[in-house]
Amino acid sequence: MAQTTDFAKNFPSTLTDPPVKSIVPPGECQFGDEFISVPLLAKFSVSPTTYVLRFGLPDESKALGLSTCACILAGIKVDGEDDLTIRPYTPISTNAMIGTFDLLIKAYPEGKASKSMTSLTPSPDETPVCFKHIKFNVKVQHPYGNPKFIGMIAGGTGISPMLQALHAILGEDETTEESTKVSLLYGSQTSDDILGKEMLDVWSDSHKDNLSVTHILSNEPTESSTADAGMERGFITKERIAKAFPSASNDVKIFVCGPPIMYDIFCGPRGEKEITGILGEMGYNDTQVIKF
């Protein structure tokens with residue numbers, strides 16, 4: 001078990017396995033238009049505030065059947081409320097996992113759903129969380145229009161759809177000079193808060209011709225030695241994007257996922273098609289930028 005200064009990390013296989021391409025077309029997810037309750041089977045602490053929750057499936061003999069980068073809607077009743085609190089989540093597990101699926105969830109101080117879900121105790125007999133999947137939750141599908149380059153901008157648990165995309169890209173039987181190149185700019189508060197770092201380290205080493213990862217830490221203590229480990233301090237900026245990504249073109253796609261403030265800064269609100277913010281200023285348009 002890997003140790004940080006005062007926290008023991010407990011990694012599930014979905015944060016340690018090699019990339020695997022296991023894609024299905026839209027329309028095969030076990031969850032449909034109506035909420036279905038399933039049990040929480042396991043809980044893994046992966047940072048001081050973040051957990052991987054492993055849920056069962058309605059049909060334990062099959063995979064979740066979710067198309068790449070799509071999300072599902074989780075519903076939970078908080079503090080005895082009659083109505084469900086509903087939030088979207090992209091699993092970090094692939095369709096190679098049978099009978100269960102994993103969600104990466106950060107317990108935000110004001111997050112009703114996240115705090116409630118991460119406080120649950122696993123039990124095969126209780127079903128406090130329900131899920132559904134609708135067509136609107138299907139985003140861009142692999143191979144993403146076959147771009148030569150994909151730039152990824154992620155913050156916190158916004159890494160989840162990026163991991164799904166990377167599984168499909170890096171999990172190909174073989175990569176060539178024509179394979180899509182990926183550069184990930186991943187913002188976290190501190191080095192202890194980087195989610196999936198160990199797996200990303202392994203992937204960027206084993207697929208160094210196709211994947212580069214830059215960790216950018218906004219609140220790392222000054223006495224930390226992370227700069228020596230190849231991490232950068234501060235924020236994801238226009239200058240860092242220009243350094244890591246090519247100029248806007250039809251051969252380039254940009255994926256963005258993180259808290260609402262990230263969308264406002266980089267590309268405009270998640271629910272709006274227009275691309276504004278830094279990426280808009282840099283010439284990227286709505287055919288090139290995907291808001292997860």
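**View 1. Strand β3 is joined to strand β6 (residues 100–106) by seven bridges, and the two run antiparallel.** The model shown is predicted: local features need pLDDT of at least 70 and side-chain atom pairs count only at pLDDT 80 or more, while totals for chains, interfaces and linings use all residues. Residues are numbered from 1 along each chain as its sequence is written, and side-chain values use heavy atoms, with hydrogens and water left out. Strands (E, at least two residues) and helices (H or I, at least four) are DSSP runs, numbered from the N terminus.

**View 2. Strand β2 (residues 40–47) and β3 form a hairpin.** Two residues lie between the strands, which pair in the antiparallel sense over six bridges; pairing requires at least two DSSP bridges between two strands. A handy landmark here is L40, whose bridge partner in β3 is F55.

**View 3. β2, β3 and β6 make an open sheet, in the order β2-β3-β6 with antiparallel pairing.** Because β2 and β6 stand at the edges with a single partner strand each, one side of each is left without a neighbour in the sheet. From one strand to the next the twist averages 20 degrees, with axes fitted as lines to C-alpha atoms and angles running from 0 to 180 degrees between N-to-C directions.

**View 4. Both faces of β3 (residues 50–56) are covered.** Side chains in a regular strand alternate between the two faces of the sheet. On one side sit T50, V52, R54 and G56, on the other Y51, L53 and F55, and all are buried (under 20% relative accessible area with a 1.4 Å probe, protein chains only; over 50% is exposed, and in between is partly exposed).

**View 5. The largest nonpolar core has 54 residues.** Such a core is a set of buried Ala, Val, Leu, Ile, Met, Phe, Trp, Tyr and Cys residues joined through side-chain atoms within 4.5 Å. M152, I153, I159, I241, I254, F255 and L279 touch the most other members. Helix α2 (residues 159–170) gives the most to this core, eight residues. Apart from this core lies another, of 24 residues, among them C29, L57, A70 and L103.
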